[in-house]
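Please keep the sequence and the structure in view while reading.

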Amino acid sequence: MAEAVEFFPYTNGFSSNNVHYENNLVMVEQNQKEENEGSWFEEVIDDDLKWSFALNRVLHKGTSVYQDIALLDTKRFGKVLVIDGKMQSAEVDEFIYHECLIHPALLCHPNPKTVFIMGGGEGSTAREALRHKSIEKVVMCDIDQEVVDFCRKHLTANHDAFRNKKLNLVINDAKAELVKREEKFDVIVGDLADPVEGGPCYQLYTKSFYENVVKPKLNNNGIFVTQAGPGGLFTHKEVFSSIYNTIRQVFKYVRAYTAHVPSFADTWGWVIASDQPLCIEAGKMDNKIAERIEGELLYLNGATFVSSTILNKTVAKTLKNETHVYTEENARFIHGQGVACRN
């Protein structure tokens with residue numbers, strides 16, 4: 001799990017003074033009088049790399065049945081949601097991630113009316129989907145009631161989304177929920193936690209899940225899109241290339257795209273897929289944004305999305321040559337561990 005540690009502002013050192021443990025967060029308080037300089041949150045990105053945030057306070061921390069959860073008020077990024085030690089969303093730049101996750105798929109669809117969101121407990125993904133004028137129903141299915149409850153309470157930007165009559169909130173395993181439903185959807189969205197060993201979500205990145213559960217629940221012209229983990233120069237081989245190649249085994253038309261998310265300290269990846277051609281043209285996308293979406297997008301326009309599908313040479317080569325197919329028996333994980341590995 002990620003840690004909160006002391007950092008001295010004008011030096012290059014860390015201190016081990018006044019350490020106390022709270023659940024799986026390590027809080028270290030500074031030997032200074034200033035209360036607001038007391039502690040930092042530290043995300044372990046790899047064995048030799050960490051990413052730290054100065055904290056105002058810890059709003060919530062605990063361990064649910066499924067995962068470690070923390071909601072932190074940081075100085076730089078506002079309120080941030082952390083699950084199993086991994087930054088999931090930050091108040092000041094979450095719009096980048098959520099606009100990239102939702103709008104390309106809905107804009108590529110000719111007339112999207114129904115959306116099924118796997119995960120998305122904080123509500124931001126549903127918020128963006130509900131901005132589309134054609135949408136009649138959004139099902140948001142998250143496995144963790146505790147995550148949903150405290151996000152509804154603390155993340156004020158999503159209060160209207162949670163109250164929207166078009167939103168059907170379900171607390172269940174996404175696989176089980178999709179299997180039992182008779183209806184099909186125009187767009188299915190994977191807004192799942194990153195695949196970490198022992199976490200609750202890695203089974204939902206497998207070929208069998210995409211092939212036997214997701215694809216049969218899509219309408220004609222249906223589109224599937226998922227977050228696919230870090231897509232940076234040094235991190236894209238962790239899970240991004242594998243998720244892309246796995247989806248490529250199931251759908252006829254598949255595109256990967258990326259964007260830099262400052263609070264993630266990395267470029268992030270998504271994969272969009274369909275059995276129908278995906279219309280990715282800047283001018284047409286801009287027209288659809290103007291016609292279909294309520295309000296103004298903060299990050300995405302047609303040119304931005306087109307450019308996001310043009311990957312650098314190194315990443316593009318890896319995706320082209322990737323052979324790994326994600327299965328439960330042969331999974332890949334990003335750095336970290338879920339609750340199941342610690343119990």
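How do the residues of the lining of the largest cavity divide into nonpolar, polar and charged? In this model, which is predicted, the lining is made up of 15 nonpolar, nine polar and five charged residues.

## The largest cavity

A search of the whole structure finds three cavities of 30 Å³ or more, and the largest cavity has a volume of about 360 Å³. There are 29 residues that line this largest cavity, and those closest to its centre are G120, D142, D191, L192 and A193.

Several elements take part in this lining: β8 (78–83), β9, α1 and β11 (137–142) are the ones that give two or more residues to the largest cavity. The largest share comes from β9, which supplies three residues.

## The second largest cavity

The second largest cavity holds about 50 Å³ of space. By type, the lining of the second largest cavity divides into four nonpolar, three polar and three charged residues.

## The largest pocket

About 360 Å³ of space lies in the largest pocket. Of the 21 residues that line this pocket, I45, P230, T235, E238 and D266 are the closest to its centre, while the elements that give two or more residues to the lining are β5 (40–46), β6 (49–63), β9 (86–90) and β16 (266–274).

Among these strands, β5 gives the most to the lining of the largest pocket, with three residues. The lining of the pocket divides into eleven nonpolar, three polar and seven charged residues. Strand β9 gives two or more residues to the pocket lining and also contributes three residues to the lining of the largest cavity.

## Helix α8

Helix α8 spans residues 282–292, and its buried residues are M285, K288, I289 and R292. Seen down the axis of α8, these buried residues fall within an arc of 105 degrees, so they line one face of the helix.

Notes:
Residues are numbered from 1 along each chain as its sequence is written. This is a predicted model: local features need pLDDT of at least 70, side-chain atom pairs count only at pLDDT 80 or more; totals for chains, interfaces and linings use all residues. Side-chain values use heavy atoms; hydrogens and water are left out. On a 1 Å grid over the protein atoms alone, a cavity is a set of points where a 1.4 Å probe fits but cannot get out, and a pocket is an open set with protein on both sides within 12 Å along at least five of seven lines; lining residues have an atom within 4 Å of a point. Grid points are joined across faces, edges and corners, and a volume is the space filled by probe spheres set on the points. Helices (H or I, at least four residues) and strands (E, at least two) are DSSP runs, numbered from the N terminus. Ala, Val, Leu, Ile, Met, Phe, Trp, Tyr, Cys and Pro count as nonpolar, Asp, Glu, Lys and Arg as charged, and the others, Gly among them, as polar. Buried means under 20% relative accessible area, exposed over 50%, partly exposed in between (1.4 Å probe, protein chains only). The arc is that of the directions from the helix axis to the C-beta atoms.
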